[in-house]
Amino acid sequence: MTSRHGSRPTMNDVAAAAGVGLKTVSRVVNGESGVSPAMAARVNAAIAELGFRRNDSARLLRTGRTASIALLLEDIADPFSSALSRAVEDVAAAEGCLLFTGSSGEHPARERELALAFCARRVDGLVIVPAGDDHSYLLPETASGTPVVFLDRPATGIAADAILSDNAGGAREGVSHLIRHGHRRIGFIGDLPQIHTSAERLRGYREAMAAAGLPVDERWIACGTTDRARVAEAVTRLVGGPEPVTALFTANNRVTVAALHRLPRTGGRPALLGFDDLELADLLTPALTVVAQDPAALGAAAARTLFERLAGDRTPPRRIVIPTRLIARGSAESPPPAVR
């Protein structure tokens, strides 16, 4: 059994091959009831032999739904982003939806371009890890019924659900852990200060120091890009000099990796605690102590929230905060050297 040469098989081809009516094929293809198991088996055998695929463009015209959602990340190559993507995809698959993914590279213009491109392709909903600080461009999309959930960072200029890690609380716990091990001069190396997660982690650092009655020398704080050269300069400055810090809190995984590359060349041995876990962190010497996020829980919560909106939930936008977890492995537990 073959379809017409050079064309894709149609439901009419399937109906002819199976010896059934077109309506029967439609019911089988769309998972509707009213077809006997024997008849469904005949239709499915013809579908398999012909290589028939359902026309989802026709489905869109009929239902107004594409059975697809989009996820916009900072960088799909980043391990944290990859874990988010897998979690969203798992929920989407369970809902019978395809997931389309794009990376903004932390460029607001690219975020906007991709988000609107996904909307133009009629995805049913969006999950966005935002790069920009104005999301009012999505107001026409949400007004027309496309739900948007923001992940890792909240939206600005638009009321929308947000699924966040406890960034300030996790940083507060990590810095307090260093303080409990005797450290008083603690350096903070973070991302750009205008990024929500970076600002929240810096807030947690300051709160931990204040709660312990410790002053913060502003020279101990180094915020900026996460490229290795910038982080290396910050590490060298904070660890060197006549009054070096005795501990470093690195506020995301890229900063931590850059610091690990630089530290062996500084001659200093500060305690080190990173925000975000790293693959093979337990194999370092000493093993790396971290404040670990839960990207699987973040991604799953974002996807579930989106599908709740698609199912008709019209409650006010909500903010869901996912707890972090301190994992002590050794790099942060050594006491500071004796005062010289």
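Two strands count as paired if DSSP finds at least two bridges between them, and the strands themselves are DSSP runs of E at least two residues long, numbered, like the helices (H or I, at least four residues), from the N terminus. Keep this in mind as we walk through a predicted model, in which local features need pLDDT of at least 70, side-chain atom pairs count only at pLDDT 80 or more, and totals for chains, interfaces and linings use all residues. Residues are numbered from 1 along each chain as its sequence is written, and side-chain values use heavy atoms, with hydrogens and water left out.

Let us start with a sheet of mixed pairing: six strands form an open sheet in the order β7-β6-β8-β9-β10-β12. At its edges stand β7 (221-223) and β12 (325-327), each with a single partner strand, so one side of each has no neighbour in the sheet. Ignoring direction, neighbouring strands here are turned by 15 degrees against each other on average. For a close look at one pairing, find β10 (residues 289-292), which runs antiparallel to β12 and is joined to β12 by three bridges. Valine 290 has isoleucine 327 in β12 as its bridge partner.

Helices pack on this sheet too. Helix α8 (residues 167-180) touches β6, β8 (247-250), β9 (271-275), β10 and β12, and its direction makes about 170 degrees with that of β9. Helix α10 (residues 228-239) touches β6, β7 and β8, at about 170 degrees to β6. Here contact means heavy atoms within 4.5 Å; axes are lines fitted to C-alpha atoms, for helices over the stretch in contact, and angles run from 0 to 180 degrees between N-to-C directions.

Now turn to the parallel sheet. Its six strands form an open sheet in the order β2-β1-β3-β4-β5-β11. The edge strands, β2 (98-103) and β11 (319-322), each pair on one side only. Within the sheet, β4 (residues 148-151) and β5 (residues 161-165) pair in the parallel sense over three bridges, and valine 149 stands opposite aspartate 161 in β5. Helix α12 (residues 295-310) lies across β1 (68-73), β3 (125-128), β4, β5 and β11, running at about 170 degrees to β5.

What about aromatic rings? Rings of Phe, Tyr and Trp (its six-membered ring) pair if their centres lie within 6.5 Å; planes under 30 degrees apart count as stacked, over 60 as edge-to-face and the rest as tilted. The whole structure has two aromatic pairs. In one of them, phenylalanine 188 and tyrosine 205 have ring centres 5.3 Å apart and planes at 50 degrees, so the pair is tilted. Phenylalanine 188 belongs to β6 (residues 186-190) and tyrosine 205 to helix α9, so the pair ties together parts 17 residues apart in sequence.

On a 1 Å grid over the protein atoms alone, a cavity is a set of points where a 1.4 Å probe fits but cannot get out, and a pocket is an open set with protein on both sides within 12 Å along at least five of seven lines; lining residues have an atom within 4 Å of a point. The largest cavity is lined by 17 residues, with Glu74, Phe80, Asp152, Arg153 and Arg254 nearest its centre. Helix α5 gives the most to this lining, with three residues. The largest pocket has 23 lining residues, and Thr142, Gly145, Thr146, Pro147 and Val148 are the closest to its centre.
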